[in-house]
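Hi everyone, thanks for coming. Let me put the structure up, and then we'll walk through a few places in it together.

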Amino acid sequence: MDRPKILAYYFPDWHADPRNAKWFGQDWDEWKLLEAAKPRFDGHRQPRVPLDGRFDEATPAAAEHQIRIAKEYGVDGFLVDYYWYDDGPYLQGALDDGLLAARNSDDITFALMWANHELVNIFPHDDPANDSPRRLKNGAIDRAAFEKLARHVIDTYFARPNYLTIDGRPWLTIYELGNLIVGLGGVEETADALLWFDEQTRRAGFEGLHLDAVIWGVGVLPAAITLDNPSELVRKLGFRSATSYVWVHHADLGRFEFPRAEIGPLRTAAFAEYERYAAELAVPFYPNVTVGWDASPRTAQDRVFVGGRYPWTTTFDPSPEEFREGLLMAKSFLERHGQPHPIITVNAWNEWTEGSALLPDSHNGYGFLEMIRDVFS
């Protein structure tokens with residue numbers, strides 16, 4: 001098997017954004033939550049302190065530094081969480097003004113992961129019993145808004161020389177199939193919209209569109225839609241691959257000890273579900289490796305930390321050596337299932353407020369990145 005591509009999810013909420021300013025105050029970003037985080041139980045490793053400190057990701061200098069690190073340690077590309085609602089993009093500054101404006105931008109591959117989930121106010125979330133926080137934006141968009149998204153993505157990103165393609169097809173991951181279908185009006189309507197997107201991509205000079213679906217068995221975000229038969233939808237909607245976003249999508253966190261649990265059983269549960277997907281899907285399934293999980297920075301820090309709805313969930317804080325075990329399992333998974341274009345997704349490059357970041361911090365240093373370089377040298 002060829003060396004798999006290592007694609008890390010990139011979460012772009014570390015810069016000032018006009019919508020955030022309207023909702024949360026001038027110059028708000030998630031650095032505010034990260035820096036305000038406190039230990040919530042004995043031995044709780046908060047706040048997380050990035051080794052490079054606070055930086056504005058929507059600047060070429062910051063992006064250049066991140067790209068150098070990724071390239072040095074064997075991260076081949078970023079799957080950038082891309083937000084597009086009925087009235088256009090959100091948090092696009094990290095990509096447009098940072099990653100793509102960097103002088104070394106072409107040193108790393110990138111692609112979009114359309115994060116089409118409902119956006120609710122969990123910044124922070126103030127009540128562990130509240131499963132209906134205030135909605136900021138609806139993730140389900142109609143055909144007109146979808147076509148604006150498609151045209152913008154084709155014109156702005158697909159033609160970039162470092163955009164990820166598979167067999168000449170630009171890659172686009174879609175996070176939530178349920179929201180996609182709700183917004184477009186049904187399965188048949190969604191299939192028609194995706195076929196139109198594929199045709200527009202062909203007209204732009206490509207072989208078509210490589211659609212990649214995120215699938216899961218357990219919804220994490222408050223309004224997440226869990227599908228009964230994602231494999232059938234992947235087939236009907238013309239997806240060419242599927243993957244996972246994070247291990248907590250594949251196990252009921254209520255079954256784990258609170259407030260902290262070992263990551264081994266969570267990893268085992270996720271890979272058991274990956275095996276099932278590999279058996280059921282007619283397209284390749286690409287495994288995910290998750291660095292860790294701790295969403296407590298998104299909870300109100302003056303409230304007692306008790307179990308409840310996201311983000312009041314069990315934390316997992318593994319060592320780099322435990323992360324290495326996940327990399328080895330993903331490598332073995334790909335070898336056994338023989339995908340033609342082996343890919344491993346990693347959660348995540350910089351999800352500090354969910355406790356999952358490859359970027360070095362004051363506790364583990366470059367340990368997680370060193371594991372990638374060690375396993376996939």
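**Rings, a helix and some buried side chains**

Let's start with a cluster: ring pairs join Tyr82, Trp84, Phe110, Trp114, Phe146, Tyr157, Phe158, Tyr163, Phe197 and Phe206. Here, rings of Phe, Tyr and Trp (its six-membered ring) pair if their centres lie within 6.5 Å; planes under 30 degrees apart count as stacked, over 60 as edge-to-face and the rest as tilted.

A quick word on the source. This is a predicted model, where local features need pLDDT of at least 70 and side-chain atom pairs count only at pLDDT 80 or more, while totals for chains, interfaces and linings use all residues. Residues are numbered from 1 along each chain as its sequence is written, and side-chain values use heavy atoms, with hydrogens and water left out.

Back to the rings. How many aromatic pairs does a search of the whole structure find? There are 41. One of them is Tyr73 with Tyr366: the ring centres are 5.4 Å apart and the planes sit at 25°, so this pair is stacked. Tyr73 belongs to helix α3 and Tyr366 to the loop between β13 (343-347) and α11, so the pair ties together parts that are 293 residues apart in sequence. (Helices, H or I, of at least four residues and strands, E, of at least two are DSSP runs, numbered from the N terminus.)

Are these two tyrosines buried or exposed? With a relative accessible area of 8%, Tyr73 is buried, whereas Tyr366, at 25%, is partly exposed. Buried means under 20% relative accessible area, exposed over 50%, and partly exposed in between, with a 1.4 Å probe and protein chains only.

Next, helix α11 itself, residues 367-375. Its buried residues are Gly367, Phe368, Leu369, Met371, Ile372 and Val375. Their cover includes β1 (5-10), α3 (60-73) and α10 (320-337), with contact meaning heavy atoms within 4.5 Å.

In the loop between β13 and α11 we also find Glu354, which is buried at 6% relative accessibility. What does the Glu354 side chain make a polar contact with? The side chain of Tyr310, at 2.5 Å. A polar contact is a pair of N or O atoms within 3.5 Å; within protein, one must be able to donate a hydrogen and the other to accept it, and residues adjacent in sequence count only if both atoms are side-chain atoms.

Last stop: Asn104, in the loop between α4 (93-99) and β4 (109-114). Asn104 is buried at 12% relative accessibility and, leaving aside neighbours within four places in sequence, touches Glu64, Ile67 and Arg68.
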